[in-house]
Amino acid sequence: MGFFRELGDRVVGAPSILSADFANLAEEVRRAENGGAEIVHFDVMDNHFVPNLTVGPAVAASLVRATDLPVDAHLQVMRPDSLIPAFIAAGVASISVQPEVTVHLHRTLLMIRAAGLEAGCALNPTTPPEILEWAWPHLDYVNVMSVNPGFGGQAFISEMADKVQRLREITDLPIQVDGGITAETAPLMVRAGARVLVAGSAVYRGDPTTEMRSIIEAGREAAEEL
Ligand code: DX5
Ligand code: ZN
């Protein structure tokens, strides 16, 4: 099984370490875990697909050793295939790639799954859900980017709630939302069908325990009203 396959209809919070203090990652994750986080979102950027540069498999391996939470790697990189074996060796639980720059997506998803990890695709704001039509059998989750990948702290793109809704109509897989997620925007995405709430700046701008908890609670309240 795996985190996404076992999720069911639950709403969960995922701190994005992009906005955390990288010199104190383990502690930053623990603080979000105390607020109810159940999975860690690990953003990998290459200064090619996106203009930013973050961390790679070595840091992922250290974080995997330092936390009991599953680590979910979001690869915002060109040619993800050459990095995937190192992330598998690092012990991450799941890997998502961007189909816009993954030339042989079928092979890439099979590579992730062959190692026993869960496989996801993250969609840029203008990438239609239909790009996944022939990928569904090989996917465990979808990430709807509600900002352009590359940076934390950007403004939420509200029409991405419509994309979540469209995805909900065509798949039962868990939908993760990533970008501009706060206690204010989380309910819109949950009502549309999202279940995994990734939040970076909204968690780490204040006390991560309090901020994570308030995002999860806002999302769960919205789910209860459905
Ligand atoms: C953006 C990353 C996000 C980022 C979100 O490229 O994929 O995971 O950390 O940051 P916020 O929550 O600040 O929009
Ligand atoms: Zn991300």
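Residues count as buried under 20% relative accessible area, as exposed over 50%, and as partly exposed in between (1.4 Å probe, protein chains only). By this criterion His41, at 0% relative accessibility, is buried. The structure is a predicted model, in which local features need pLDDT of at least 70 and side-chain atom pairs count only at pLDDT 80 or more, while totals for chains, interfaces and linings use all residues. Residues are numbered from 1 along each chain as its sequence is written, chains are lettered from A and ligands numbered from 1 in the order in which they are written, and side-chain values use heavy atoms, with hydrogens and water left out.

His41 belongs to the zinc site. The zinc ion (ligand 2) has four protein donor residues: His41 (NE2), Asp43 (OD), His74 (ND1) and Asp178 (OD). They lie 2.1 to 2.3 Å from the ion. Donors are N, O and S atoms within 2.8 Å of the metal (3.2 Å for Na, K and Ca); water is not among the atoms, so sites may look incomplete. The site of the zinc ion (ligand 2) is octahedral, with 6 donor atoms and angles of 70 to 170° among them. Six donors count as octahedral if opposite donors are over 155 degrees apart and all others between 65 and 115. Along the sequence, the donor residues follow the spacing H-x1-D-x30-H-x103-D. His41 in strand β2 and His74 in strand β3 (residues 71–76) link distant parts of the chain, 33 residues apart. Strands (E, at least two residues) and helices (H or I, at least four) are DSSP runs, numbered from the N terminus. His74 is buried, with a relative accessible area of 0%.

Aromatic contacts were examined next. Rings of Phe, Tyr and Trp (its six-membered ring) pair if their centres lie within 6.5 Å; planes under 30 degrees apart count as stacked, over 60 as edge-to-face and the rest as tilted. The structure holds 3 aromatic pairs. Phe4 and Tyr141 are stacked, at 3.8 Å centre to centre and 5° between the planes. Phe4 lies in the segment before β1 and Tyr141 in strand β6, so this pair ties together parts that are 137 residues apart in sequence. Phe4 is buried at 2% relative accessibility. Tyr141 is buried as well, with a relative accessible area of 0%. Phe42 and Phe87 form an edge-to-face pair, with 6.3 Å centre to centre and 70° between the planes. Phe42 sits in strand β2 and Phe87 in helix α3 (residues 84–90), so the pair ties together parts that are 45 residues apart in sequence. For Phe42 the relative accessible area is 0%, which is buried. Phe87 is also buried, at 0%. One aromatic cluster is formed by Phe3, Phe4 and Tyr141.

Charged contacts were then listed. A salt bridge is a side-chain nitrogen of Lys or Arg within 4 Å of a carboxyl oxygen of Asp or Glu. The structure holds 9 salt bridges. In one of them, Asp9 joins Arg195, with the closest N and O atoms 3.1 Å apart. Asp9 lies in the segment before β1 (12–15) and Arg195 in the loop between α6 and β8 (196–199), so the pair ties together parts that are 186 residues apart in sequence. Asp9 is exposed at 61% relative accessibility, whereas Arg195 is buried at 8%.

Glu28 is buried, with a relative accessible area of 7%. Arg31 is partly exposed at 31%.

Arg220 bridges to Glu38, with 3.2 Å between the closest N and O atoms. This pair links distant parts of the chain, 182 residues apart: Arg220 is in helix α8 (residues 208–224) and Glu38 in the loop between α1 and β2 (40–45). Arg220 is partly exposed at 33% relative accessibility. Glu38 is partly exposed at 21%. Salt bridges that share partners also join Arg5, Arg113, Glu118 and Asp140 into one network.

Helix α5 (residues 160–170) was examined for its packing. Its buried residues are Met160, Ala161, Lys163, Val164 and Leu167. Seen down the axis of α5, they fall within an arc of 155°, so they line one face of the helix. The arc is that of the directions from the helix axis to the C-beta atoms. Asp162 and Glu169, on the other side of α5, are exposed. The buried residues of α5 pack against β5 (118–123), β6 (141–145), β7 (175–178) and α6 (186–192). Contact here means heavy atoms within 4.5 Å.

Terms used: Four donors count as tetrahedral if all angles lie between 85 and 135 degrees; four count as square planar and six as octahedral if opposite donors are over 155 degrees apart and all others between 65 and 115; anything else is irregular.
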